[in-house]
Amino acid sequence: MDSIRVRANGPLRGQIPIAGAKNACLALMPATLLSEEPLTLTNAPRLSDIRTMTLLLRSLGVEVSALADGKVIALSSHGLTSTRADYDIVRKMRASNLVLGPLLAREGVATVSLPGGCAIGARPMDIHIAALEALGAEIELRDGYLHAKAPRGLRGTRVALRFASVGATENTLMAAVLAKGTTVIENAAREPEIVDLALCLSRMGAQIDGAGTSTITVQGVDRLAGATHHVVADRIELGTYMLAPAFAGGEVECIGGHLDLLGAFVEKLRLVGLEVEESAAGVRVRRSADRLQAVDVVTEPYPGFPTDLQAQMMAMLCTAQGVSVLEERIFENRFMHAPELMRMGARIEVHGGTARITGVERLRGAPVMATDLRASVSLILAGLGAEGETVVNRVYHLDRGYERLEEKLRAVGADIERIAA
Ligand code: EPZ
C-alpha cells in the first residue's frame with residue numbers, strides 16, 4: 001500500500017486545476033441505463049471510484065469506453081445482460097446503489113446488494129426504498145440484497161424524503177423520469193451534483209423542474225435519447241485545495257471552480273482570516289494573516305457547510321487561534337481523522353458528533369493512517385504546515401477521490417512525494 005510523505009516547504013504559489021466532480025460522475029454514469037442511445041461524459045475525473053463504476057456497469061452489459069486519457073467516458077446500454085449489482089462491487093463503493101432507480105425505470109427489475117457499513121457510518125438505504133416503493137416498486141430485502149421489481153411499471157406520485165439524502169434524491173429522480181405521470185420530490189437534496197444530473201437528464205429529453213431546490217417536479221416521458229454532458233467541477237476537490245494556503249501560507253488559484261458551488265464553506269474561510277475571491281479562471285485564496293482565527297462549524301446538507309470538507313476544516317482549525325466547536329450532523333462516525341491529528345500534536349476533544357478543537361501554534365509531523373477518503377486528505381494538508389515529516393499511510397483511500405494530488409500540490413511548491421509500498 002502506497003504512502004505519501006509531506007514536509008512544510010514555505011508558502012504555496014500558483015494554479016491548481018480542478019477536475020470534474022466524482023460525486024456528479026458517479027450519478028451521471030448510471031443514467032446511461034435510462035436510454036438505449038449513447039451517453040458521453042466530458043471533463044470526467046480519473047479516479048478509482050470511476051473505474052469501479054465502470055466495472056459495475058460493464059457487469060450489467062453496458063459498453064463503457066474511457067477516451068482522451070480517461071477525461072471522456074462513452075457509455076452505451078442498448079443491450080443489458082444483467083440487472084444485478086453484486087456485493088463484491090457494492091461493498092467497495094456505496095455509490096453503486098445508484099443503478100437501482102435507473103434499472104427499475106428501464107427494466108422493471110433490479111437486484112442490488114446493500115452496501116453494508118463503511119468507515120463513516122451505517123449508511124442505510126431506507127429513504128431510497130421508501131421513495132421507490134411510493135413510485136410503485138416492490139422491494140424485498142433478502143440475503144443482503146434488495147430485490148426490487150415494478151411489474152406494472154413506475155407511476156408518478158408525491159414523494160417526501162424524510163431527510164434530504166443525496167443518493168436517494170438521485171435514485172428517485174432517475175426512476176421518475178420514465179415513470180407514468182408526474183412525480184414531485186419534496187425535501188430533495190439541493191447539492192450541485194443533483195443540478196448536474198438533472199441537466200444531463202434534461203439533455204436526454206427528461207422534463208424536470210426545480211433541481212437545486214427542495215422540490216423537484218418530473219413529468220415522466222416514454223423514452224430518453226442519448227446526450228453529451230460536461231461534468232460539473234468538483235466542489236469538494238475545490239474546497240480542499242482552497243484550504244491549502246491556510247496550512248502552508250501563500251496564495252493559490254483553483255482553476256475551473258466557482259464560489260457558488262461551495263455554499264456556507266466560503267464564509268467560514270473568510271471568518272478564519274483567509275482572503276477568498278473569484279478570478280476570471282476560477283477561485284483565488286490567499287493567507288496574509290500570520291495566525292488564523294478559531295470558528296464554529298456545523299455540517300448540513302447543501303447549501304450548508306459540506307460534510308465532505310469537515311475533516312479538512314478540522315485539520316486547519318488545529319492551529320487556529322482559540323477554541324473551535326465543530327459539529328458533524330450528516331454522518332454518525334466521521335471523526336476518525338481526529339486521533340491521527342492528535343498524533344501530530346492537535347488538541348481535540350470528541351464527544352459524540354461534536355469536536356472541540358483548541359488551537360496550537362504548530363503541528364508536528366508524524367506517521368499517520370488514512371481511514372477514509374476525506375480524512376486522508378486532511379492529514380496531507382496538516383503535513384503541509386507541520387514541523388518535520390508526515391507520512392500518510394494507506395493512501396488508496398485518497399486515490400478514490402483526488403486525481404494526481406501530489407502532482408497538483410508539488411506544482412504550487414509543496415514538498416510531497418508518493419512512496420510506493
Ligand atoms: C453522498 O453520499 C456523497 N457520495 C457523499 O460523499 C456525501 O458525504 C453525502 O452524499 C452527503 O453529502 C456520493 O455522492 C457518491 P446521503 P450519500 O444519502 O448519497 C443517511 C465522499 O467523500 N441516510 O446524503 O450516500 C446516511 O446514513 C462521499 O465523496 C439514511 O439514513 O449520502 C447519512 O448519515 C462520502 N438512509 C446521511 O443520510 C438512506 O436511505 C446522508 O446520506 C440514505 C441516507
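Strand β3 (residues 39–42) runs parallel to β14, and four bridges join the two. The model described here is predicted. Within this pair, L39 stands opposite A227 in β14. Helix α7 (residues 192–203) packs on the sheet. Both β3 and β14 are touched by helix α7. The direction of α7 makes about 155° with that of β14.

Strands of a sheet pair through backbone hydrogen bonds, and such pairing is either parallel or antiparallel. In this model, β3 and β14 belong to an open sheet of four strands. The strand order is β4-β5-β3-β14. Pairing across the sheet is mixed. The edges are formed by β4 (63–67) and β14 (227–230). Each edge strand has a single partner, so one side of each is left without a neighbour in the sheet. On average, neighbouring strands are turned by 15° against each other, direction ignored.

Rolling a probe the size of a water molecule over the atoms shows where empty space is left. The second largest pocket has a volume of about 280 Å³. Its lining consists of 19 residues. Closest to the pocket centre are A105, R106, L178, V221 and D222. Helix α4 (residues 100–107) supplies four residues, the largest share of the lining. By class, the lining of this pocket holds 10 nonpolar residues, three polar residues and six charged residues.

How values were computed: Residues numbered from 1 in each chain as written. Predicted model: local features only at pLDDT ≥ 70, side-chain atom pairs only at ≥ 80, totals over all residues. Heavy atoms only, no water. 1 Å grid on protein atoms, 1.4 Å probe; cavity = no way out; pocket = protein on both sides within 12 Å on 5 of 7 lines; lining within 4 Å. Points joined across faces, edges and corners; volume = space filled by probe spheres on them. Nonpolar A, V, L, I, M, F, W, Y, C, P; charged D, E, K, R; others polar. Pairing = 2+ DSSP bridges. Axes fitted to C-alpha atoms, helices over the stretch in contact; angles between N-to-C directions. Contact = heavy atoms within 4.5 Å.
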